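Here are a few friendly notes to read alongside the model. Take the points one by one and find each place in the viewer as you go.

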Amino acid sequence: MTYHPKSDFLRVMTERGFVADCTDYQALDEAFRAGVVPGYIGFDATATSLHVGSLIQIMMLRWLQKCGGKPIVLMGGGTTKIGDPSFRAEERPLLTDAQIDSNIAGIRRAFSSYVAFGDGATDAVMVNNAEWLDALNYIGFLRDIGRHFSVNRMLSFESVKSRLDREQSLSFLEFNYMILQAYDFLELYRRYGCLLQMGGSDQWGNIVNGVDLTRRVIEGEVFGLTSPLLTTSDGRKMGKSLNGAVWLNAEMLSAYEFWQFWRNTTDADVGRFLKLYTELPVAECDRLGALGGAEINGAKIVLANAVTALLHGEAAAVAAESTAREVFEKGGVGDDLPTVRVVPEEMADGVGIVQLFVRAGLAASGKDAKRLILEGGAKVNDEIITDAGLRLKAGDLVEPVKLTAGRKRHALVVLD
């Protein structure tokens with residue numbers, strides 16, 4: 001990006017590495033300097049929590065509010081009934097209205113940690129696109145909105161083209177998704193004066209559609225801004241760990257496990273992640289990211305504490321670090337470790353160690369657990385085990401038992 005923004009928001013976005021592309025940097029910069037800019041990002045309600053893969057977008061909305069803009073969190077209550085086909089190999093399972101509403105309620109809880117909701121000029125609002133999509137008149141929609149879309153152009157979008165190139169089915173239902181997403185921008189402009197749509201760079205085609213449609217219908221100027229799609233330096237997709245998705249809601253992933261995910265960041269990602277996921281000054285992020293040797297581990301703790309404090313609160317971050325220190329430095333068990341509870345009825349013949357590693361989330365499957373044990377990567381109470389047939393009896397659980405996978409992942413087994 002060669003343009004040097006003057007508005008606080010675009011300057012922050014640029015300096016911290018949030019910007020992949022923009023429909024018009026200079027005009028958007030001027031809009032931010034002229035007044036309050038309402039901006040939105042859409043999230044489909046496919047689960048009761050978002051995961052770390054969505055956190056870059058959430059942070060963009062947080063910075064938007066901190067810089068004087070108005071965040072609009074658009075929940076896809078309507079579009080979730082269809083499913084975004086972007087870069088997917090198959091159609092999403094369809095959810096009921098009740099499931100979607102429950103998911104939206106769960107997602108709002110995590111958002112409340114990042115943005116302030118309310119009725120003020122810069123207060124965030126959460127909107128459900130089912131409000132207008134559920135009430136659409138199909139013929140009227142085709143006449144008023146559908147005429148602005150070229151099928152030839154829609155087929156050229158990479159998200160659609162890649163699916164067709166692999167000769168995988170793309171239903172007409174999914175093909176309509178990009179039209180409905182574009183219509184969302186138009187409706188948000190009409191209802192909230194929304195001037196900006198943001199999203200990951202995989203959404204560029206959908207965002208440009210929304211910008212074009214809104215400009216054609218209202219003859220006004222609106223904008224699109226995308227963030228880079230993140231992968232870790234070792235090639236993993238952001239938001240995924242060895243044990244699955246890194247959820248934002250505490251009931252789906254404990255604050256300690258969330259802290260551990262960030263503490264385990266690879267050395268090469270520390271500086272970049274500090275800029276994207278914390279509010280530490282850029283110069284400090286660069287300094288911490290440039291540390292080497294054992295010092296980089298201190299930077300990772302700074303990262304884990306800052307990100308965890310934003311989501312779960314300062315106390316949770318302090319507790320997580322304390323637990324980690326006890327586990328790693330003192331060989332203790334820590335109170336906040338993931339816990340597997342077994343009931344006396346299970347103990348007649350003992351509980352298999354393979355099953356416990358799976359239940360604790362330290363192995364993805366029984367096969368994975370057995371491989372971990374055979375390779376010497378599994379410990380019980382800090383002692384390496386080599387017998388995949390080991391069974392814990394009631395007498396073994398008089399005190400909590402610590403399971404360890406590799407060097408950094410731990411869990412407790414307790415008898416209820």
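1. Let's begin with a question: how many bridges join strand β2 to strand β5, and in which direction do the two run? Keep in mind that this is a predicted model. Strand β2 covers residues 38-43 and strand β5 covers residues 196-200; 2 bridges join them, and the two strands run parallel. To find the place, look for Y40, which stands opposite Q197 in β5.

2. Now step back to the whole sheet. It is an open sheet of 6 strands, and reading across it gives the order β1-β6-β5-β2-β3-β4, with mixed pairing. At the edges stand β1 (21-22) and β4 (125-128); each has a single partner strand, so one side of each is left without a neighbour in the sheet.

3. Have a closer look at β4. Its link to strand β3 (residues 70-75) is made by 4 bridges, and these strands run parallel. Here V73 stands opposite M126 in β4. Along β4, V125 and V127 point one way while M126 and N128 point the other way, yet all of them are buried.

4. Next comes helix α2, residues 25-34. Its buried residues are Y25, A27, L28, D29, A31 and F32. What covers them? The cover includes α1 (8-15), β1, α3 (55-66), β5 and β6 (223-227).

5. Please also find N103, in helix α4 (residues 97-111). Is N103 buried or exposed? The relative accessibility of N103 is 8%, and because buried means under 20%, N103 counts as buried. The N103 side chain reaches the backbone oxygen of A45 at 2.9 Å. Leaving aside residues up to four places away in sequence, N103 touches A45, T46, A47, T48 and L95.

6. Finally, compare two helices that pack together: α10 (residues 177-192) and α11 (residues 204-218). Their axes are 8 Å apart and the angle is about 50 degrees. The crossing of α10 past α11 is right-handed. On the α10 side, the residues that meet α11 include M178, Y183, F185 and L186, and among those on the α11 side are N206, G210, L213 and V217.

Notes:
Residues numbered from 1 in each chain as written. Predicted model: local features only at pLDDT ≥ 70, side-chain atom pairs only at ≥ 80, totals over all residues. Heavy atoms only, no water. Buried < 20%, exposed > 50% of the residue type's maximum accessible area, 1.4 Å probe, protein only. Polar contact = N/O pair within 3.5 Å; in protein donor to acceptor, adjacent residues only side chain to side chain. Contact = heavy atoms within 4.5 Å. Pairing = 2+ DSSP bridges. Axes fitted to C-alpha atoms, helices over the stretch in contact; angles between N-to-C directions. Left-handed = near helix turned anticlockwise from the far one by under 90°.
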